[in-house]
Amino acid sequence: MAKTKTVFICNNCGYEASKWFGKCNACGTWNSCVEETVVKSPASASSNTLVGGTQAQPLKLSEINIDAEKRIDLHCTELNRVLGGGLVPGSIVLLGGEPGIGKSTLILQSALELNDRKVLYVSGEESGSQIKMRAQRIRPNGSDCYILSETSLERIFEQANILKPEILIIDSIQTIATDMVESSPGSISQVRECAAALLKYAKQSGTPVILVGHITKDGSIAGPKILEHIVDTVLQFEGDQHHLYRILRAIKNRFGNTSELGIFEMTQTGLREVSNPSELLLNEQLDGMCGVSIAAAVEGIRPLLIEVQALTGSAVYGTPQRSSTGYDSRRMNMLLAVLEKKAGFKIGQKDVFLNIAGGLRISDTATDLAVITAILSSSLDIPIPSNICLAGEIGLSGEIRPVSRIERRISEAEKLGFRQIIVPAQNLKGVGLHKAKIEIKAASRVEEAFKHIFGK
Ligand code: TYD
Ligand code: MG
């Protein structure tokens with residue numbers, strides 16, 4: 001006989017209690033308690049019944065043969081790279097992102113690319129004809145994949161067991177539900193139970209499963225953190241909805257590097273891979289513009305030349321305004337303090353606005369030098385020559401600290417036709433960079449860099 005009971009679950013960590021709580025005992029989050037009804041039927045004691053399958057036996061490591069290394073090529077360079085070289089058989093990937101960012105588009109597009117494989121795309125959000133409309137927009141000439149519009153986990157497994165797809169895609173985990181749990185789709189116990197069953201399916205059948213997941217207001221993947229723990233790879237698709245560029249990052253990857261990054265552009269006909277992002281991010285007509293500088297940054301392990309824009313003005317109100325888009329504002333305040341000390345910039349009287357072009361968010365500290373020179377350029381009203389780019393982290397006393405992967409930054413700048421790059425002096429010690437065509441200028445203090453650029 002099925003037993004029904006009410007439990008209180010923490011939204012954040014999945015902690016369960018029999019009474020309501022204000023603060024979670026396990027993770028300490030406030031107001032994360034939600035009430036859910038669960039049905040414990042004898043069958044639900046183990047999700048084994050869903051997937052079927054045999055009992056695992058202990059094996060010696062040497063007896064285990066790896067065909068797991070045969071990764072599935074997704075025919076999308078950016079996606080393959082973020083996954084660490086393709087999809088690993090039997091792995092489970094969670095793709096998170098804000099609504100409307102393009103998760104369904106990305107995943108459907110990849111499914112359509114994989115013409116040589118049997119892909120089952122399960123959608124709990126759209127009907128078959130809606131998906132077809134989207135597919136025709138992305139790939140007008142006849143690529144194919146299997147589509148299933150279904151929200152019941154049991155029926156999805158039924159179909160999967162008949163079709164035996166090589167890749168299973170679930171869009172999205174929050175819309176599907178299993179009969180084993182009585183709460184509504186998207187609730188914590190549903191998400192947890194469905195993900196656990198899908199994990200079992202992936203491991204037992206060797207079929208990779210891609211889950212699309214929604215994101216909560218604060219930017220974490222909806223459902224308990226447990227979801228992130230059970231999957232092998234967590235990818236995040238981000239970018240400003242009103243900008244064209246989308247960035248795909250790996251937050252967790254059991255089979256690859258988390259510092260990889262994929263860049264896409266949203267077009268009328270789906271997502272386009274951006275294989276050389278620097279070219280797109282740079283404006284051609286920079287010459288003579290004040291307050292603009294180019295940073296030779298590295299996001300993940302990819303060099304990126306980005307445009308930093310700054311605007312300074314006299315503060316009209318008592319408290320000057322500070323605003324920064326795409327760059328840490330505390331770091332900007334620190335750089336302003338360095339500027340005041342080293343270049344006589346009166347920060348108490350100026351409004352400062354900073355923007356990273358293209359809607360990017362940059363966390364590489366080597367962008368510091370470009371940020372500080374852009375602010376100074378706007379304040380002095382002297383443009384920075386557009387064929388100069390900069391890389392360097394700035395310390396509190398105005399010293400320029402060495403940065404990582406300097407060779408990649410220099411070679412990217414050279415590839416894009418920059419005449420000169422300013423780098424931290426310490427980076428040049430013992431590095432063989434003499435063959436570079438680009439002129440490399442070393443600076444160890446901000447004053448040196450300023451003198452070089454502005455001549456004072
Ligand atoms: P979608 O993949 O539905 O987002 P998600 O699944 O993350 O919620 O993406 C929807 C957005 O993408 C929508 O605002 C329209 C836009 N879009 C294009 O600009 N071009 C296209 O070819 C497609 C299919 C969508
Ligand atoms: Mg969607």
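Tyrosine 15 is partly exposed, because its relative accessible area of 26% falls between the limits for buried, under 20%, and exposed, over 50%, as found with a 1.4 Å probe on protein chains only. This is a predicted model, in which local features need a pLDDT of at least 70 and side-chain atom pairs count only at pLDDT 80 or more, while totals for chains, interfaces and linings use all residues. Residues are numbered from 1 along each chain as its sequence is written, chains are lettered from A and ligands numbered from 1 in the order in which they are written, and side-chain values use heavy atoms, with hydrogens and water left out.

The structure holds four aromatic pairs, where rings of Phe, Tyr and Trp (its six-membered ring) pair if their centres lie within 6.5 Å, and planes under 30 degrees apart count as stacked, over 60 as edge-to-face and the rest as tilted. One of them joins tyrosine 15 and phenylalanine 21, whose ring centres are 5.7 Å apart and whose planes meet at 65°, so this pair is edge-to-face. Phenylalanine 157 and tyrosine 201 form a tilted pair, with 5.3 Å from centre to centre and 45° between the planes. This pair links distant parts of the chain, 44 residues apart, since phenylalanine 157 belongs to helix α5 (residues 153–163) and tyrosine 201 to helix α6 (residues 188–205); helices (H or I, at least four residues) and strands (E, at least two) are DSSP runs, numbered from the N terminus. Both phenylalanine 157 and tyrosine 201 are buried.

The description now turns to the ligand. A polar side-chain atom of threonine 105 lies 2.6 Å from an oxygen atom of ligand 1, and a backbone N or O atom of glycine 270 lies 2.7 Å from an oxygen atom of ligand 1. Taken alone, ligand 1 exposes 560 Å², of which the protein buries 74%, with areas from the Shrake-Rupley method and a 1.4 Å probe; for residues, only the protein chains shown count as cover. Helix α3 gives the most to the shell around ligand 1, with three residues.

Another place to look is strand β14 (residues 302–314), which holds threonine 312. Threonine 312 is buried, with a relative accessible area of 14%, and touches residues including Phe345, Asp351 and Ser379, not counting residues up to four places away in sequence, where contact means heavy atoms within 4.5 Å.

Technical notes: A polar contact is a pair of N or O atoms within 3.5 Å; within protein, one must be able to donate a hydrogen and the other to accept it, and residues adjacent in sequence count only if both atoms are side-chain atoms.
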